[in-house]
Structure formats: structure tokens, C-alpha cells
Amino acid sequence: MVNCCGLVTVKNEPVPLKSIAVEVSVQGHVATVSSTLQYENQEKSPLEAIFVFPLPGEAAVCRFSAKIGQTEVVAEVQEKQKAQEQYDDALSSGQQAFLLEESDESPDVFKLSVGSLPPGEKASVSLDYVTELAVQADDSLRLCLPAVLNPRYQPQGSDSGSDGSAQVSSVPAGSVPYSLSLSARVSSPHPISRVESNCPLDPLNYLNTEKTQATVSLAAGHQFDRDVELLLYYQDTHQPTAIVEAGQASAKPGSLMGDPVVMLSLYPEFPKDVMSSLTSHGEFLFVVDRSGSMECPMHNGSGAQDRIGSARDTLLLLLKSLPMGCYFNIIGFGSSYKSFFPKSVEYSQKTMDEALQKVKGMSADMGGTEILQPLKHIYSQPCLPDQPRQLFLFTDGEVGNTKEVLDLVKTNAGSHRCFSFGIGEGASTALISGVAKQAGGHAQFITGQDRMQPKVMQSLRFALQPAVVDISVKWNVPKEVSVTPLSPPIRVLFQGQRALLYAQLTGESSGDTEGSVTVKYSLAEQPVENQLSFSLKPAEDTGLTVHRLGARTLIRSLEVEEREQDGEKEGVKEKVVELSVQSGVSSAFTAFIAVHKGDGEALQGQLLRRQVPTPMLYHSPMPRMMACRMAHSSPMPIMMGCGMALSSPEPIMSGSSMNMLMDVQADMYTPGEGLTFSEKSTLEDFDSPAPTSKPVRDPLLQLISLQKASGSWGLEAALAEVLGKTEEEVAKPKPAQVDHEVWATVLALVWLYGFKMEAQEEWQFLAMKAASWIQAQKVASVSECVHAGNNLLGCQVQKDTLGL
């Protein structure tokens with residue numbers, strides 16, 4: 001794992017950073033981020049330098065350049081084979097060649113070799129990327145600077161690097177050796193209410209009386225001690241909006257970059273009564289990857305839990321959060337598959353206990369990743385009347401028959417929704433996103449230091465609530481103008497989700513300059529219709545953010561089509577290359593090339609982005625965890641395939657290659673072989689024989705494991721332990737007329753709301769279940785219980801907060 005980003009030496013040591021200047025241009029729900037980073041080699045000898053830039057998954061680089069001394073390298077996009085040939089020509093003619101490669105660990109990390117940096121020499125790196133802004137729970141839009149634009153500053157003597165965060169240098173406190181300037185220009189169809197940040201900002205400056213345009217800057221003296229995030233708040237957030245962006249003056253009319261592009265934003269509002277009406281119906285099927293690679297750690301930091309352990313903890317949360325009256329089953333798969341129950345069973349205390357006991361015994365011992373057969377088995381089972389089928393799929397790998405899997409899911413799309421989870425860097429995007437898209441569900445990726453539980457519980461919320469369905473979008477424009485959609489149609493939207501649709505507008509109307517769009521959908525069986533008018537005459541100076549994101553959306557759709565057709569459909573690859581070159585947004589079939597500037601000579605240096613070969617080093621069998629740890633820590637040379645080898649601490653294998661190796665090795669060893677070290681407690685820590693050195697229990701997981709299927713807790717010693725009290729201390733303040741179980745349940749809720757609000761997303765459903773159970777008991781003295789519970793635990797939680 002690269003711990004440093006920005007400009008680093010081949011030994012992964014940072015080159016001192018002098019300044020960072022960032023300009024952000026926001027258009028409604030999307031943004032272009034332009035940045036320039038200045039570096040200086042303060043060593044007495046030359047440095048070979050590499051620029052490392054990790055990108056958010058939803059972003060796309062559209063410009064990149066580096067200047068060292070008088071030599072400037074500017075990247076442009078070309079067809080990959082053509083780029084390869086030019087690169088080889090440059091090498092053979094003795095020219096200096098520059099290499100921009102996609103990291104082997106993740107396609108969202110770019111690395112540019114910027115040549116030798118002489119002593120005392122300065123280097124500057126400029127890059128632009130476009131991104132869609134993520135919607136937050138409070139309806140704001142969030143922009144967070146990547147670590148390379150906001151490096152973590154570590155004072156001397158601090159525990160530098162213990163959290164694996166990117167650093168630049170260690171200097172005396174109070175003298176940060178670099179500076180950051182950040183300015184943002186925000187433009188929106190709706191008025192901008194406010195802009196907030198976790199860092200000090202200068203006052204918001206409105207540019208017009210409608211308050212639809214504004215600028216804001218980061219206040220001087222940024223300390224580099226936290227992520228820099230901007231939160232944008234618009235009025236009428238849930239109203240659809242349309243933004244029309246002018247084409248590029250130099251581009252050909254009729255082409256994507258030459259024509260105007262319109263972006264439609266859909267972010268439906270879910271009324272409170274819809275939000276609170278959780279279903280008590282459904283057949284919940286949890287399909288869990290148990291192949292050998294699931295024994296790998298979740299991330300490379302210290303105390304990382306293994307993937308199968310995290311899956312076990314997640315299943316505990318899911319099983320405790322299910323509503324009474326639903327049905328469920330758990331299916332583990334590898335080279336074969338096993339179901340907990342012959343068919344789905346009704347959710348009760350008995351079936352929940354039985355399932356939890358089996359979850360504790362789940363290990364990564366089932367060989368390879370064969371997902372087709374378990375899915376065929378599930379689809380062969382008849383659906384239960386009035387119990388909509390909801391499939392949760394967890395996997396960390398790739399499969400060789402993705403197309404066959406997606407076709408099977410598509411054929412059965414009418415009978416279920418599928419929520420998919422890709423675990424680790426090696427999970428196949430095509431598979432995870434594809435099954436969710438085909439079955440009207442939602443895909444999540446758990447990478448880096450992400451925790452699985454919050455993401456899975458968010459998907460459970462989607463599964464338990466009604467979704468926006470039957471979405472139709474109709475464009476109404478003058479007859480001289482045609483609309484070409486760039487986005488695939490949306491089939492489903494869940495609460496808290498937003499959809500952005502891009503379309504190209506070709507032709508001009510002599511008279512009418514207005515267009516409109518009609519959006520219809522159904523929510524909780526109620527039809528909703530919105531009509532939205534927009535001007536066909538775009539503003540001239542809006543930049544090309546919408547165009548580039550529209551191009552990226554179309555490129556991704558075409559790449560999926562190319563994969564689905566196995567390259568048999570003519571013209572798809574050519575169309576992707578044309579779009580990629582035209583828009584400057586990279587694709588699977590193009591590469592970055594650089595042109596030298598600055599010394600007056602007509603030299604052509606090549607800047608190429610290509611996959612690094614991943615040789616299999618491990619010819620002899622070895623324990624799974626040993627293979628896993630070697631691949632994640634070995635500082636071996638990565639072969640570039642062009643006579644170069646850079647020493648790098650990155651894995652010599654891609655995530656997917658590593659997973660395949662693990663799956664092949666999986667049948668050769670018994671579970672538990674090899675050593676793992678974990679600081680986190682797991683499901684096995686509860687109700688199991690204590691090992692010689694007792695692990696520290698996670699109190700939240702311990703509390704959750706004690707909850708009954710009905711939603712209540714019993715008054716017992718284990719509960720008192722979680723609350724940090726003795727049994728006597730817990731029992732004594734109980735109001736006289738109150739039942740022991742009611743008192744225990746109130747205490748559990750007060751503790752959750754008093755001490756574990758940061759993890760609310762993980763326990764919200766089991767808390768709702770507990771509140772419903774208390775209400776069903778028709779207790780007269782709930783207020784007295786809550787008051788007594790607050791006194792005992794030292795909290796100040798209101799009764800209303802608990803949902804009582």
C-alpha cells in the first residue's frame with residue numbers, strides 16, 4: 001500500500017512540498033477540481049520522482065501535466081495501441097520517456113514517473129479532475145479533497161504514520177513547511193443557502209441577487225490536521241434541476257464536445273410517513289463468499305480484521321435487525337455452496353439463535369468463487385406469497401463467467417431486488433454493479449479502511465423501505481433540436497439516493513428557446529409528476545464539467561456493452577476511443593501520452609497508462625494467510641515491461657490476482673492455518689470458550705448479541721457488564737411496577753443513544769424494533785423508566801429521541 005501520495009521517490013519517501021493551490025468550479029451536483037502542487041528537491045543528490053494521485057471512485061482525470069526545470073509534460077489521451085507504439089519508438093530513439101500508469105492495486109490511483117529531479121530543483125504538477133458530489137443525510141452535497149491535495153502534517157515526536165495516512169514531512173510543531181490555498185465558485189439553478197466546512201472559511205460572497213452564484217475560500221493558516229470537506233446547501237434540494245452547458249467552441253458541431261449538454265438531477269423527497277413505514281414482510285437471502293481469499297485482512301493497517309470475520313459481524317447485525325414476520329436464509333458459497341436451512345424459514349427467536357450459532361462456525365474454507373450455481377438454486381425456489389425477495393450478495397473476487405451471471409440475474413429480475421457488496425480491491429466492479437443494476441438494487445464497495453457494517457445497514461434500510469419505481473423521463477424540445485441520452489435509464493431510486501442524467505442537445509431552434517423535461521415516478525404506490533423548464537441557450541463560460549461527466553457516463557456504459565458482447569459487436573470499442581480522445585477522459589481502451597514543451601526542441605516524450613504485469617511468484621503451496629500477507633507487504637520490484645523496475649512497497653499482484661491465488665490454495669489447508677493478529681473483537685468473542693488471553697470485547701457488538709429476536713433485552717449479568725455496572729446496580733433503580741425485560745430494553749436504548757451515536761447507522765433498525773416492542777407492552781411509566789435509566793448511566797437522552 002502506498003502510504004505517501006504526491007511526489008515521492010522510488011523508495012516511497014516524500015519529496016518536500018512547498019505549496020498547493022486548488023480551484024473548484026461547482027455546477028449544481030458536479031464539480032471540476034483544478035490544482036497545482038509545487039515541490040522542491042532539498043537533497044544534495046538527484047531524485048528519481050513519481051507522482052502518486054489517488055482519486056475518489058466517482059471521479060475522472062481530464063488533464064495532467066508536470067514541469068521540472070524547463071521541461072513541461074502535458075498529457076493527452078490516445079488509443080492504447082497507438083500510444084504503446086509511440087512509447088516504444090521514443091525509447092528506441094533514445095528520447096526521455098515519461099510513464100503514467102494506472103496502479104496495479106487500484107484503477108483509481110494514477111502514478112506518473114517525472115524523471116530525475118536535480119538537487120535544489122523545483123517541480124510543479126498540475127491536474128484537473130471532474131466528479132459528482134455525494135449527497136449527505138442532511139441533503140447537503142459533499143466535496144472532500146483527496147489526500148494528495150490535503151496531506152496530513154505530522155509534528156516531530158508524534159506517532160507518525162500509525163494510521164496509515166499520507167504524510168509529507170515531519171517538522172517542528174508550528175512551522176508547517178507548505179501552504180494550501182483553496183477557492184471555489186459555486187453555481188446552481190436553485191439559490192445557495194450556505195456553504196459549510198470542517199475548516200475555517202472566509203465569508204460566502206454572492207455574485208448575484210438571486211444567490212444562485214457565489215464564491216468561497218479557505219481561510220489562511222490551514223493546519224493540515226484533518227480532511228478538507230466542503231458541504232453545499234441549496235434551497236429546494238428535492239426539486240429536479242436541469243443545467244445546460246455550452247459546447248466547446250473549437251469542437252465540431254454535432255459532436256459530444258461541440259454540442260450543448262444538459263444534466264438533469266433527480267433527488268426525490270420521501271415523506272416522513274413513508275420513511276417511518278418499515279415493511280415487516282420480505283424474504284431476506286444473505287449470500288456470502290466463503291472462498292479462500294476471504295481470509296485476507298480487510299485492509300493493510302494494523303489491527304485489520306479478516307474479511308470473513310467482518311462478514312460474520314455483519315450477519316450478526318443483519319439478523320438482529322430483521323423484522324418479526326419476515327423469512328430468511330443464509331447461503332455460503334465457494335467451489336460449491338451450502339444453505340443454513342433447506343429453504344427460507346420464518347424469523348423467530350429459535351431460527352435466529354440457530355442461524356447465529358452457524359454464523360460463528362463460518363470460515364473461508366470453500367475453495368474458489370463459483371457464484372452461478374447458488375444463484376440458480378435460489379431462483380429455482382418458488383417465491384413466498386406477500387414476501388418480496390431481497391438478495392444480499394457479499395464477495396471479494398472476480399468470476400470468469402460474469403456475463404452468464406448477469407444474464408441469469410436479468411432473467412429473474414422481476415422476482416427480486418439484489419443488494420451487492422464488493423469487499424477489498426479485487427472485487428469485480430462489473431459483477432457487483434451489474435447484478436445490482438439488473439435486479440433494481442444497490443451496489444456498495446468496501447475498500448481501504450472502510451467498515452462493512454454501515455454500508456450494509458444502509459442497504460438494509462433501502463430494502464426495508466419503499467423505493468421510487470416506474471421512473472420515466474420525457475424531453476420536450478423544439479422540432480429542430482434532438483436529444484441524445486448519454487446515461488442509461490434509471491430503474492429504481494432509494495431514499496437518500498440521487499440520480500444524474502446527461503443528454504446531448506443537437507441543432508438550434510430559430511424561434512423557441514425553451515425546453516422542458518417531464519419526470520414521472522411512483523413512490524409508495526402514489527404517482528408523482530414533475531415538469532421542469534430550462535433555457536436551450538446555455539451560458540458561455542461554464543467550463544466543461546457536465547460534458548466530461550456525460551462523456552464518462554457514456555464511456556462506462558459502452559465499456560459494459562463491450563464486455564457483455566465479448567468484443568463481438570462492431571464499432572463499440574472505436575466509439576469509446578473516439579469519445580475518450582475527444583473529451584480527454586480516460587477509458588479502458590485509451591492511454592495518456594505526453595508532449596514535451598519548454599526547451600524549444602520538437603521532442604515527443606510518451607506518457608503512457610497501462611496495466612502492470614502481475615507474475616505469480618508463489619509456485620509452492622503456502623498457508624492462505626501467509627500468501628495474503630506476503631502479497632500485501634512484499635517490497636519487491638514491479639516489472640514495467642520496458643526494461644525498468646521500480647522498487648515499490650505495493651503488492652506485486654493485483655487484488656483480483658491475489659484473490660484467485662487464495663482461492664486456488666484454499667482447498668489445500670485447514671481453516672485457521674497461519675497466524676492472524678487482530679485488535680478488534682469479533683462474533684466468536686461472545687458466548688464462546690475464553691482463550692488463554694481474553695480479547696477485548698467490543699461493547700456494541702456484545703450488546704447487539706444479547707438482543708432477542710422480538711427486539712427486547714433480558715436483565716442479565718452480561719447486559720450489566722456492557723453497561724459498566726454490577727447486576728445489583730442495574731436492578732436497584734428499576735421502577736417498582738415495571739417488568740424486568742422492559743427495564744433492560746430501556747437501558748439498552750439509553751446506552752445506545754447516549755454512547756454510540758457515531759455508529760447509529762449500524763444499530764438504528766434494532767433500536768426501532770426495541771422501541772416498537774416497548775410500545776406493544778403498553779407500559780404506563782415509560783418516562784419514569786427513561787429518567788431512571790439516564791440517572792443510572794449518566795446520560796441525558798430524551799424519551800422522544802428513543803422513539804417512545
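Predicted model: local features only at pLDDT ≥ 70, side-chain atom pairs only at ≥ 80, totals over all residues.

Student: What holds strands of a sheet together?

Tutor: Strands pair through backbone hydrogen bonds, and the pairing can be parallel or antiparallel. Here, valine 244 sits opposite valine 262 in S20.

Student: In what order do the strands of that open sheet come?

Tutor: The order is S19-S20-S30-S29, 4 strands with antiparallel pairing. At the edges you'll find strand S19 (241–245) and strand S29 (482–485), each pairing on one side only. Neighbouring strands of this sheet are turned by 25 degrees against each other on average, direction ignored.

Student: Which strands make up the open sheet of 3 strands?

Tutor: That one reads S28-S31-S32, with antiparallel pairing. Strand S28 (468–476) and strand S32 (526–535) each have a single partner strand, so one side of each has no neighbour in the sheet. The twist averages 15 degrees from one strand to the next.

Student: How many bridges join S31 to S32?

Tutor: Strand S31 (residues 514–523) and S32 run antiparallel, with 10 bridges between them. Take glycine 515: its bridge partner in S32 is phenylalanine 534.

Student: Now the helix. Which residues of H7 are buried?

Tutor: "Buried" means under 20% relative accessible area. In helix H7 (residues 429–438), the buried residues are Leu431, Ile432, Gly434, Val435, Ala436 and Gln438.

Student: What comes just after H7?

Tutor: Look for glycine 440 there, with a positive phi of about 60 degrees.

Terms used
Residues numbered from 1 in each chain as written. Heavy atoms only, no water. Pairing = 2+ DSSP bridges. Helix = DSSP H or I, 4+ residues; strand = E, 2+ residues; numbered from the N terminus. Axes fitted to C-alpha atoms, helices over the stretch in contact; angles between N-to-C directions. Buried < 20%, exposed > 50% of the residue type's maximum accessible area, 1.4 Å probe, protein only.
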